[in-house]
Amino acid sequence: FIEIRKIDDVDIDHFDDFIAVKARLINDKMTKSTLYVKREINQSDIEKYYDDMTDPDGNKRDLVNEVQGRLEFAKDEIFAVRELLDQYPEVSVKALDVGCGNGVIANAMFGERTHVVGIEPSPEACKVASKNIQSVLCGFYEDFTERFDNNSLDFILGFHVIEHVNDPNHFIDFCYHKLVSGGYLILGSPDFEVLGASRCQI
């Protein structure tokens with residue numbers, strides 16, 4: 001898991017935000033062994049995650065088949081990626097969605113001119129994702145690190161994934177090496193300070 005300290009509670013959704021915390025991020029990278037704790041995630045953890053669940057507000061969710069809730073949840077990120085893609089209308093784009101779930105977010109983000117590969121550890125979610133994106137690899141991302149050449153991907157999406165991986169530093173290093181120069185890593189992680197997150201067990 002990732003140890004989240006009070007001073008880390010920064011919403012980096014604009015380049016100016018990144019500049020404001022860049023020195024701290026570099027320092028954290030140098031001292032990363034004190035900030036991250038490795039954990040082991042197994043298949044039973046994945047099955048529990050995808051069981052029909054009830055949110056803290058009482059709404060029941062079917063995470064494998066949910067569409068509108070996921071699209072609403074990621075609407076800002078979907079809009080931002082579409083704007084980026086509009087700048088390069090003639091370019092063929094390659095994207096990787098790690099923890100793609102049912103694939104609806106990547107489908108909405110990238111559309112048809114982007115070749116999207118999803119990685120998803122839930123076999124049930126993989127079946128649904130294969131209807132929404134071009135290619136789905138079923139398993140943990142660590143199972144497929146050699147499948148992608150270095151400097152080969154334009155986008156990597158890890159939407160609410162980094163808090164679930166065994167080793168966040170390995171995940172970031174993987175993304176860094178697989179992205180082309182100037183590529184985009186899009187990460188999202190829950191805000192643990194909000195009421196809903198504080199009531200959910202991760």
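1. Let's start with Phe110, which is buried at 3% relative accessibility; buried here means under 20% relative accessible area, exposed over 50% and partly exposed in between, with a 1.4 Å probe and protein chains only. This is a predicted model, in which local features need pLDDT of at least 70, side-chain atom pairs count only at pLDDT 80 or more, and totals for chains, interfaces and linings use all residues. Residues are numbered from 1 along each chain as its sequence is written, and side-chain values use heavy atoms, leaving out hydrogens and water.

2. Four aromatic pairs occur in the structure. Rings of Phe, Tyr and Trp (its six-membered ring) pair if their centres lie within 6.5 Å; planes under 30 degrees apart count as stacked, over 60 as edge-to-face and the rest as tilted. One of the pairs is Phe110 with Phe155, edge-to-face at 5.4 Å centre to centre and 65° between the planes. Phe110 sits in helix α5 and Phe155 in strand β6, so this pair ties together parts 45 residues apart in sequence. Helices (H or I, at least four residues) and strands (E, at least two) are DSSP runs, numbered from the N terminus.

3. Phe155 is buried too, at 4% relative accessibility. Ring pairs join Phe110, Phe155 and Tyr184 into a cluster.

4. Now to helix α4, residues 75–86: which of its residues are buried? They are Ile78, Val81 and Leu85. Seen down the axis of α4, these fall within an arc of 70° (taken from the directions from the helix axis to the C-beta atoms), so they line one face of the helix. On the other side of α4, Asp76, Phe79 and Asp86 are exposed.
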